Amino acid sequence: MEAARAGDRDAFGRLVEPYLATALGAATLIVGEESDAADAIQDALLIAWQRLPQLRDATLFPAWFRRIVVNSAIKVSKRRRRLVELDMRQPAPADQLDRALDLRQLRRSLSRLDAGDRAVLALRYYWGLSVADAAQSLGLREGTVKSRTYHALRRLRAAFDAEDR
Amino acid sequence: MKDDRSNLTEDRLTDGLRALGTADPVEVERLRRSIAYLPDRSRRALPAFGFRRSVLVGLASLVVIAVVAAALLPLAVHSLSPVSSAASATPTSVASPVASPSASSSASTGATPTRPAPTPTLSPTATVSPGPSPTYLAGYVAFNRSVVWNLTDSGLNFSNDDGATWSSVKLPASLSLRSYTGIATPQMAVGSDGTLFVAFGEGRNVRLYSRSPSGAWSNVLLKPKWSSDLDSSTVPDMLMIQSGPGDLVAVAATIGIGMTTAETRLFLSTDDGQTFVQHVPNSLAFEYWYSLAFVDARNGVLVLGATGSYITALHTSDGGTTWAASKVPDFSATYWNYGQATAVDQDIVLPLQTWDYDASGNVENDELHLLVSHDGGTSFEQSGTAVPADSDNTATFGDATWVVAGGESPAIYETADRGETWTKVPAEVWPRGIYSIVLTGPESAIALAIESGCTDFKSGCMTKTWLVRTTDGGHTWTAP
């Protein structure tokens with residue numbers, strides 16, 4: 001951490017590497033498309049690199065970086081007025097067809113939410129964070145996160161169930 | 001949180017999100033490698049406001065801006081033969097490894113992919129090109145921050161690693177590159193969401209193909225309302241595409257370049273190219289449109305010129321039907337030229353190059369000024385100070401603008417504060433021949449460079465076009 005703070009890129013790389021895949025996955029859920037998500041992560045990396053000297057407590061790095069990632073992803077998403085459905089990665093084998101359809105339904109439902117909704121859902125159900133940790137990542141009070149999660153989930157479920165009909 | 005009436009249980013949601021959020025290892029690796037190119041903290045001595053604004057404004061165009069090289073590419077394109085012949089001697093040429101559309105389908109069944117499929121947004125219909133990686137490019141190039149597209153007469157290819165490796169993309173069945181033999185060269189642009197737009201002349205009309213990030217193709221035929229007194233055999237000479245901001249797409253077609261009857265028609269879309277409204281500009285007897293920059297569906301600037309007259313900046317506030325001259329500052333220089341107009345958030349940045357001639361006819365007092373409009377192009381004011389550059393080859397990203405100067409003292413001039421302060425990056429450390437540059441961040445850029453020359457008088461001539469990229473403010477450049 002000290003080396004990264006002093007300007008060592010390799011050290012910064014080692015510091016951030018364990019969180020990259022998850023950060024990209026979460027950003028993809030928020031932004032809706034992986035190449036845009038990668039842009040968001042690059043922005044997040046730049047911001048984290050630039051501001052690392054301001055982070056006094058090394059133990060806070062994961063939450064601090066997560067917050068930067070979420071903010072970058074929301075910013076990228078808001079710049080794009082049209083939501084793009086998440087991509088299916090690969091064609092599913094026949095025995096996983098139900099699951100593939102399930103994911104497709106979820107993906108379409110997510111694309112109907114706004115970036116804020118998707119961010120709170122990503123933090124709670126993808127990252128698996130507690131309300132307190134999600135609040136820290138979003139810079140919101142816990143009560144706000146609770147109500148946002150409730151409403152986001154309700155909207156998502158409505159969209160998901162509508163796909164069933 | 002329970003909602004027993006919904007089929008989406010928390011377990012199902014968690015499981016689904018984790019599946020959908022599984023990151024592509026190739027992209028993760030790419031990001032990991034990008035860390036090595038993070039800019040030096042000490043170099044970025046920008047005030048917090050400047051940095052924040054760069055990031056915020058920049059996000060508008062992060063994934064945006066396409067280099068439409070074809071307008072400047074006739075030279076490179078028409079020298080396709082020498083490139084091909086020169087390239088055939090080298091296994092790294094784009095000419096041989098890039099598969100033709102028909103070859104690509106056979107490659108998909110017969111060839112073993114040499115690397116994992118790139119980002120899934122680009123790869124659903126792609127096949128990895130067989131053979132060595134290409135170095136030099138022919139044809140048309142468009143790129144945004146994460147992908148480079150290259151259209152040649154043998155197919156459409158993309159690269160996610162700045163041209164080191166290429167993958168071919170299956171073209172729609174209706175698109176036969178060989179059927180487009182019109183005068184107008186194809187134009188490409190990449191939208192903010194990664195959509196690729198390719199415009200071809202089709203008879204007197206324009207066919208606009210778009211490929212969504214998911215790989216789906218669609219097309220629309222734009223039928224310009226040309227004046228009836230034009231010869232029916234006249235076809236468009238020049239096409240232009242501007243993609244963004246947001247879902248705005250502008251397509252302009254010019255017919256009759258070189259004739260007094262030349263005219264241009266403008267098509268504007270506010271739904272990312274799905275539907276267009278045609279605008280017949282009033283009394284614009286100009287020959288060509290140099291650049292377009294709309295800040296929204298109504299307000300924009302057009303830079304145009306004509307034989308025998310200077311380049312002119314006009315603005316519209318009705319989407320492109322009526323145009324009037326933009327108000328620009330008075331300059332003492334006798335000669336001037338405008339560069340590429342660029343929409344940045346709600347502003348329009350317009351580079352202005354000025355110069356004079358001394359008594360012996362030598363150029364003197366070369367300067368490049370940045371003009372900025374805050375009112376959709378109605379008026380411009382000078383931003384910051386001028387730089388002594390003999391070029392209008394500029395690129396803008398947020399508050400950052402780079403000027404690529406050639407001539408006797410080639411250099412890149414950079415500003416991070418709209419021209420208040422400039423930094424000169426000397427020529428020794430960047431590849432000469434940059435003729436088209438796009439900023440992908442305040443300190444990063446991708447550019448097309450051309451190297452051409454002859455080993456003897458009119459013999460042994462070659463032209464090479466390739467991609468170069470910098471991530472440290474132009475100090476060092478990489479090439480594939």
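**Exercise 1.** State in which sense β12 and β13 of chain B pair, and over how many bridges.

*Solution.* Step 1: strand β12(B) covers residues 263-269; strands are DSSP runs of E with at least two residues, helices are runs of H or I with at least four, and both are numbered from the N terminus. Step 2: two strands pair if DSSP finds at least two bridges between them. Step 3: β12(B) and β13(B) pair in the antiparallel sense over three bridges. Step 4: L268(B) has V277(B) in β13(B) as its bridge partner.

This is a predicted model, in which local features need pLDDT of at least 70, side-chain atom pairs count only at pLDDT 80 or more, and totals for chains, interfaces and linings use all residues. Residues are numbered from 1 along each chain as its sequence is written, chains are lettered from A and ligands numbered from 1 in the order in which they are written, and side-chain values use heavy atoms, with hydrogens and water left out.

**Exercise 2.** Give the strand order of the open sheet in chain B and identify the edge strands.

*Solution.* Step 1: the order of the four strands is β10-β11-β12-β13, with antiparallel pairing. Step 2: β10 (236-243) and β13 (277-279) of chain B each pair on one side only, as edge strands.

**Exercise 3.** List the residues through which α2(A) and α2(B) meet, and classify them.

*Solution.* Step 1: α2(A) contributes E17(A), L20(A), A21(A) and L24(A). Step 2: α2(B) contributes E27(B), V28(B), L31(B) and R32(B); contact means heavy atoms within 4.5 Å. Step 3: the residues of this contact divide into five nonpolar, no polar and three charged (nonpolar: Ala, Val, Leu, Ile, Met, Phe, Trp, Tyr, Cys and Pro; charged: Asp, Glu, Lys and Arg; polar: the others, Gly among them).
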